[in-house]
Amino acid sequence: METPSPAAARGRALWALLLAVLGSAAGQPLGGESACTARPLATYSITFTGKWSQTAFPKQYPLFRPPAQWSSLLGAAHSSDYSMWRKNQYVSNGLRDFAERGEAWALMKEIEAAGEKLQSVHGVFSAPAVPSGTGQTATELEAHSRHSLVSFVVRIVPSPDWFVGVDSLDLCDGDHWREQVAMDLYPYDAGTDSGFTFSSPNFATIPQDTVTEITSSSPSHPANSFYYPRLKSLPPIARVTLVQLRQSPRALVPPAPDLVGRGNEITDSLPVPETPLDCEVSLWSSWGLCGGPCGKLGARSRTRYVLVQPANHGAPCPELEEEAECVPDNCI
């Protein structure tokens with residue numbers, strides 16, 4: 001048998017090394033994050049808790065037609081190849097429909113297409129709507145070692161295009177799955193509707209804007225339903241908790257009877273934050289006619305009215321009527 005030359009042996013060794021490197025790189029997720037080496041599958045319970053109360057958010061709090069509530073929760077377990085939504089980026093048509101009207105069909109089709117084309121989505125999960133601002137809903141999800149990121153959205157109802165959610169939360173920590181994750185949630189504007197208040201009519205943003213976080217001072221407009229200039233930051237409007245299920249998934253689902261029996265009411269050991277709401281009044285009206293006897297000083301008055309009643313120990317309303325001396329100009 002012919003003995004291979006040293007050059008040929010080195011060439012085969014280099015070729016084997018190149019194949020090994022390429023194979024290793026192909027198995028890495030995009031975006032530069034470290035690969036998850038935990039066991040292939042993990043099951044989690046996910047519980048969404050609404051904290052949108054009139055005490056925490058008194059300004060323009062929706063009491064009827066419709067009252068404050070949350071849409072169904074829609075999410076996916078995915079790899080870094082897929083993005084459901086991202087701050088400072090434009091939303092897809094499907095997410096626009098969901099944020100504006102709560103219609104999930106187009107968003108579901110987008111997630112399904114990403115899973116088929118890029119193999120980037122492991123599974124979709126959803127949870128029922130919450131019919132009040134303070135309530136809970138729960139479901140389960142399955143994460144895979146190659147699809148360890150979780151994203152979801154929940155629409156704020158009523159609102160122009162506002163939502164809460166999580167973007168690409170990684171449930172894997174190197175060689176093990178995270179036991180539990182809890183996050184406070186804050187409102188976001190999808191950038192597709194220009195309304196300032198919960199009950200604003202549909203008025204498209206042209207051109208479309210990117211996703212922005214709504215804060216106590218942004219948008220900086222008194223009409224904004226979340227505008228609380230006295231606060232450094234808004235209190236959390238919702239919270240999400242994910243817990244890894246170690247036994248049979250069906251045996252450890254969060255207890256549904258309590259949620260249904262109390263109408264999704266929350267029993268929260270933490271005190272509800274009181275957000276002070278200052279009184280807001282209109283501009284003064286024009287001065288009225290000067291009245292009084294001829295040859296003597298008379299009086300005239302002007303008025304204003306309350307735009308927003310104070311709440312939670314906010315600044316009280318000032319005087320709504322003012323008088324001033326004048327000289328009658330209509331004497332005979």
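Two strands are taken as paired if DSSP finds at least two bridges between them. In the predicted model examined here, strand β9 (residues 180-185) and strand β12 meet this criterion, pairing in the antiparallel sense over 6 bridges. Within this pairing, L185 has A238 of β12 as its bridge partner. Strand β12, which spans residues 238-244, is also joined to strand β1 (residues 41-51), by 7 bridges, and these two strands run antiparallel. Here Y44 stands opposite Q244 of β12.

The two faces of β12 are covered and uncovered, respectively. A238, V240, L242 and Q244 make up the covered face, whereas R239, T241 and V243 lie on the uncovered one.

Aromatic contacts were examined next. Rings were counted as a pair if their centres lie within 6.5 Å, and by this rule the count comes to 11 aromatic pairs. For W52 and Y61, the ring centres are 5.8 Å apart and the planes stand at 75 degrees; planes over 60 degrees apart count as edge-to-face, so this pair is placed in that class. Both W52 and Y61 are buried. A stacked pair is formed by F163 and Y188, with 6.0 Å from centre to centre and 25 degrees between the planes. Because F163 belongs to strand β6 (residues 162-170) and Y188 to strand β10 (residues 188-189), this pair ties together parts that are 25 residues apart in sequence. F163 is buried, at a relative accessible area of 1%. Y188 is likewise buried, with a relative accessible area of 14%.

W52 and Y61 also belong to one aromatic cluster, together with F48, F57, W70, W162, F198 and F226.

A further residue considered was K296, located in the loop between β13 (280-281) and β14 (298-303). With a relative accessible area of 57%, K296 is exposed, because values over 50% fall in that class. K296 and C326 are separated by 30 residues in sequence, and the distance between their C-alpha atoms is 9.1 Å.

Key: Residues are numbered from 1 along each chain as its sequence is written. This is a predicted model: local features need pLDDT of at least 70, side-chain atom pairs count only at pLDDT 80 or more; totals for chains, interfaces and linings use all residues. Side-chain values use heavy atoms; hydrogens and water are left out. Rings of Phe, Tyr and Trp (its six-membered ring) pair if their centres lie within 6.5 Å; planes under 30 degrees apart count as stacked, over 60 as edge-to-face and the rest as tilted. Buried means under 20% relative accessible area, exposed over 50%, partly exposed in between (1.4 Å probe, protein chains only). Helices (H or I, at least four residues) and strands (E, at least two) are DSSP runs, numbered from the N terminus.
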